[in-house]
Amino acid sequence: MDTSSGVIVRIEASPQPLISRTFAILRERIQQRCSTAVIEGVAGAQIILTIDGDLPPEAFRIDEIGTAVRVAGGSPQGLLYGVGKLLRTSRYDGGFQPTAWRGVSVPQGTLRGMYFASHFHNWYHVAPEAELRRYTEDLALWGVNALLVCFPFLNLTGWDDPGVDTAVEMVRKLIRTAHELGMKASCGAGNPLFSGTPQTIRATPLPDPTGRRGNSGFPVCPSTAEGAAYILTNARELFRRLADVGLDLLTFWPYDEGGCACDRCLPWGCNGYLRMSHEITKIAREVFPDVKTVLSTWMFDMPPEGEWEGLSEAMHHGECDWVDYILAD
């Protein structure tokens with residue numbers, strides 16, 4: 001295939017925002033890697049982008065039609081993943097040399113997520129929007145279809161903190177970017193809250209013999225009326241501020257910043273954690289009726305406290321029908 005004078009890409013699919021975005025990503029990545037120009041056209045196309053309804057929705061196929069390489073997706077998302085395979089397996093030295101890879105790829109899991117730890121003022125928290133956008137595009141090109149972001153409660157004193165608007169907009173920006181790329185968007189929720197949380201409702205520090213569970217945030221005990229009300233009030237306010245951008249998933253995390261070791265909350269992972277997460281889910285579904293829940297088990301039974309056994313019992317007795325996914329660790 002001669003691409004010395006440029007690459008013509010023919011789009012054989014009805015206009016959709018994600019298909020247009022996929023072509024734009026393809027063009028940008030090729031032109032950044034070599035001097036080959038990429039244009040959309042019909043006659044003489046060397047790359048064809050299309051949708052094939054016979055493929056599973058998130059699958060793709062790369063084959064050839066005459067001298068053209070054809071990338072077909074079972075959906076716009078599948079097409080984006082196929083373009084990712086095309087970009088990764090092509091060459092760019094001396095000009096664009098399209099991939100020789102041929103075949104069909106079907107994802108092994110329905111939920112393939114990545115977590116942006118968008119707090120602690122790390123890269124996810126402070127990177128320029130253009131960098132975050134490109135990084136998220138790269139994840140989507142690899143087939144990632146869900147993004148979890150974190151509202152940085154622990155960096156703020158309360159909703160009247162001068163940094164709140166910036167923090168909310170950061171989360172909204174990441175959610176919008178995820179949705180533009182066909183990803184599901186998730187935000188975390190739980191009992192780690194503002195640094196200005198009243199001392200009277202703070203959680204009892206967790207046992208942490210391995211030094212990994214952490215007590216880095218400002219968690220609240222959900223087993224008191226005041227603590228439970230504070231947790232739910234703040235969850236409701238966060239969801240209100242995200243209502244127009246939308247959440248597809250709500251992720252609960254047991255430790256690191258969260259948890260409570262009081263007698264009424266222990267064992268946390270199958271007691272206070274479950275009760276609190278269930279109540280937050282009810283509020284979330286008032287704002288986002290179709291939101292799915294992800295229950296993490298990170299650092300369960302470290303030390304052994306019967307958390308896995310208790311969670312298994314709760315599930316066996318139908319007490320976790322509000323949980324859609326278990327993030328087992």
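A salt bridge is taken here as a side-chain nitrogen of Lys or Arg within 4 Å of a carboxyl oxygen of Asp or Glu. The model is predicted, so that local features need pLDDT of at least 70 and side-chain atom pairs count only at pLDDT 80 or more, whereas totals for chains, interfaces and linings use all residues. Residues are numbered from 1 along each chain as its sequence is written, and side-chain values use heavy atoms, with hydrogens and water left out.

By this rule the count comes to 25 salt bridges. In one of these, the side chains of Glu180 and Arg21 meet with N and O 3.0 Å apart. Glu180 belongs to helix α5 (residues 164-180) and Arg21 to helix α1 (residues 17-33), so the pair ties together parts that are 159 residues apart in sequence; helices (H or I, at least four residues) and strands (E, at least two) are DSSP runs, numbered from the N terminus. Glu180 is partly exposed at 35% relative accessibility, while Arg21 is buried at 17%, where buried means under 20% relative accessible area, exposed over 50% and partly exposed in between (1.4 Å probe, protein chains only).

A salt bridge also joins the side chains of Arg134 and Glu28 (3.9 Å, N to O). Because Arg134 lies in helix α4 (residues 129-141) and Glu28 in helix α1, this pair ties together parts that are 106 residues apart in sequence. Arg134, at 28% relative accessibility, is partly exposed, and Glu28, at 35%, is partly exposed. Arg21, Glu28, Arg134 and Glu180 are among the members of a network of salt bridges, which also includes Arg29, Glu129, Arg133, Glu137 and Asp138.

In the salt bridge between Glu305 and Arg213, the closest N and O atoms are 3.0 Å apart. Distant parts of the chain are linked by this pair, with Glu305 in the loop between β11 (292-296) and α8 and Arg213 in the loop between β9 and α6 (225-242), 92 residues apart. Glu305 is partly exposed, with a relative accessible area of 22%, whereas Arg213 is buried at 0% relative accessibility.

The loop between β11 and α8 also holds Pro303, whose peptide bond from Met302 is cis, with omega near 15°. Met299 lies in that loop as well; its phi is near 65°, a positive value in a residue other than glycine, and Met299 is buried at 6% relative accessibility. In the loop between β10 (249-252) and α7 (272-287) is Pro267, and the peptide bond from Leu266 to Pro267 is cis, with omega near -10°. Asp256, likewise placed in the loop between β10 and α7, has a positive phi of about 80° although it is not a glycine, and is partly exposed at 30% relative accessibility.

His119 is located in the loop between β7 (113-116) and α3 (123-126) and is buried, with a relative accessible area of 4%. When residues up to four places away in sequence are not counted, the contacts of His119 (heavy atoms within 4.5 Å) are His125, Cys150, Pro152, Leu154, Asn155 and Glu257.
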